[in-house]
Amino acid sequence: MQTILGANGVISKNLAQALAGHTSQIRLVSRSPRAVNRGDELFAADLTDAAQTSAAVAGSEIAYLTVGLPYKTAVWQAQWPVVMRNVIDACKQHQVKLVFFDNVYLYGPVSGPMTEETPIRPSSRKGAVRAQIAQMLLDEMRQGNIQALIARAADFYGPDTPLSFVTSTVFVPFSQGKGAMWFVNDQVRHSFTYTPDAGKATALLGNTPSAYGQSWHLPGAPGPLTGREFIAQAAEAFGVPARHQTLAKWMIRMAGLFDPIVRESVEMLYQSEAEYLFDSSKFGRAFPDFQVTSYAAGIRTTAEWYRKAGG
């Protein structure tokens with residue numbers, strides 16, 4: 001049995017599809033789980049409850065923590081440490097391997113490519129939470145209390161990926177015949193992780209015994225694009241003019257006065273000011289046969305999905 005804790009999100013869906021190639025027993029856990037594959041076991045649980053988390057993990061060989069909490073600092077500060085503690089304790093209790101799907105907020109601003117060796121220096125409140133929960137797991141791993149690995153991704157893009165910032169600023173506007181937007185600086189390169197690749201790679205890591213005890217950057221295509229280049233390729237895929245507006249930091253701050261989601265994003269704008277380069281060469285060396293989706297192919301496929309979905 002392989003169990004996904006935090007089902008229904010885009011990563012968990014892609015992961016569940018990929019796990020079907022590794023096991024016939026998949027358990028999907030959330031408060032209201034929905035099946036992805038025929039035969040998925042659905043298990044309703046609240047991961048902020050220790051007893052429910054333990055029951056959700058029991059009988060598993062591997063658990064994947066892919067929870068996506070609401071994008072609110074206060075929620076992250078209150079709930080993420082509780083969820084991580086409950087999941088670690090449940091995996092230790094039932095001797096279950098743990099794969100934690102993480103992001104790069106804990107690094108803070110980085111000059112040059114981010115690697116698995118990049119120092120943890122968060123500059124945001126959300127980054128501090130991610131650093132805290134990653135350290136909780138790393139401490140348990142180093143003490144030999146749990147078999148686990150951390151898989152990190154850059155910003156997402158891909159089909160049916162509603163929480164990606166390029167979904168709301170590029171793909172949806174173009175699908176509706178509108179102009180695109182970009183945050184702060186469209187002249188710097190910005191790495192992205194294609195969500196289907198993230199699901200496949202996370203499943204591969206979880207089913208590779210030698211991958212445990214380490215942190216991994218999930219594979220990304222070489223040659224990251226500038227914002228302007230990304231928009232141009234998306235416009236070509238939609239067959240529309242590459243019209244876009246670059247939103248200055250003060251404009252986003254002003255919008256945040258009226259939109260709580262935008263307000264929660266302001267502290268992360270450092271990721272858009274300078275080059276955001278995500279190095280996944282470690283994964284490439286370990287899994288040379290893994291086929292990474294190019295930006296050109298990924299953007300075309302994503303554009304086609306949003307064209308059919310009508311935005």
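Author: The answers below refer to a predicted model.

Reader: Is the crossing of H5 and H7 left-handed or right-handed, and how many residues of their contact are nonpolar?

Author: The crossing of H5 and H7 is right-handed. On the H5 side the contact is formed by Val166, Val170, Phe171, Phe174 and Ser175, and on the H7 side by Phe230, Ile231, Ala234, Ala235 and Phe238. Among the residues of this contact, one is polar and none is charged, and the number of nonpolar ones is nine.

Reader: How many salt bridges are found in the whole structure?

Author: A search of the whole structure gives a total of 15.

Reader: Which residue forms a salt bridge with Glu140, and is Glu140 buried or exposed?

Author: The partner of Glu140 is Lys92, with the closest N and O atoms 3.2 Å apart. This pair joins helix H4 (residues 125-142), which holds Glu140, to helix H3 (residues 73-94), which holds Lys92, across 48 residues. Lys92 is partly exposed at 32% relative accessible area. Buried means under 20%, and because the relative accessibility of Glu140 is 9%, Glu140 counts as buried.

Reader: Are Asp102 and Arg152 buried or exposed?

Author: Asp102 forms a salt bridge with Arg152, the closest N and O atoms lying 2.9 Å apart. Asp102 belongs to strand S5 (residues 97-102) and Arg152 to strand S6 (residues 148-152), so the pair ties together parts 50 residues apart in sequence. The relative accessibility of Asp102 is 1%, so this residue counts as buried. For Arg152 the relative accessible area is 3%, and this residue too is buried.

Reader: How many residues apart in sequence are the parts tied together by Glu275 and Arg189?

Author: Glu275 and Arg189 form a salt bridge whose closest N and O atoms are 2.7 Å apart. Glu275 is partly exposed, at 35%, and Arg189 is partly exposed, at 34%. Glu275 lies in the loop between helix H10 (270-273) and helix H11 (281-286), and Arg189 lies in strand S9 (residues 189-190), so the parts tied together are separated in sequence by 86 residues.

Key. Residues numbered from 1 in each chain as written. Predicted model: local features only at pLDDT ≥ 70, side-chain atom pairs only at ≥ 80, totals over all residues. Heavy atoms only, no water. Left-handed = near helix turned anticlockwise from the far one by under 90°. Helix = DSSP H or I, 4+ residues; strand = E, 2+ residues; numbered from the N terminus. Contact = heavy atoms within 4.5 Å. Nonpolar A, V, L, I, M, F, W, Y, C, P; charged D, E, K, R; others polar. Salt bridge = Lys/Arg side-chain N within 4 Å of Asp/Glu carboxyl O. Buried < 20%, exposed > 50% of the residue type's maximum accessible area, 1.4 Å probe, protein only.
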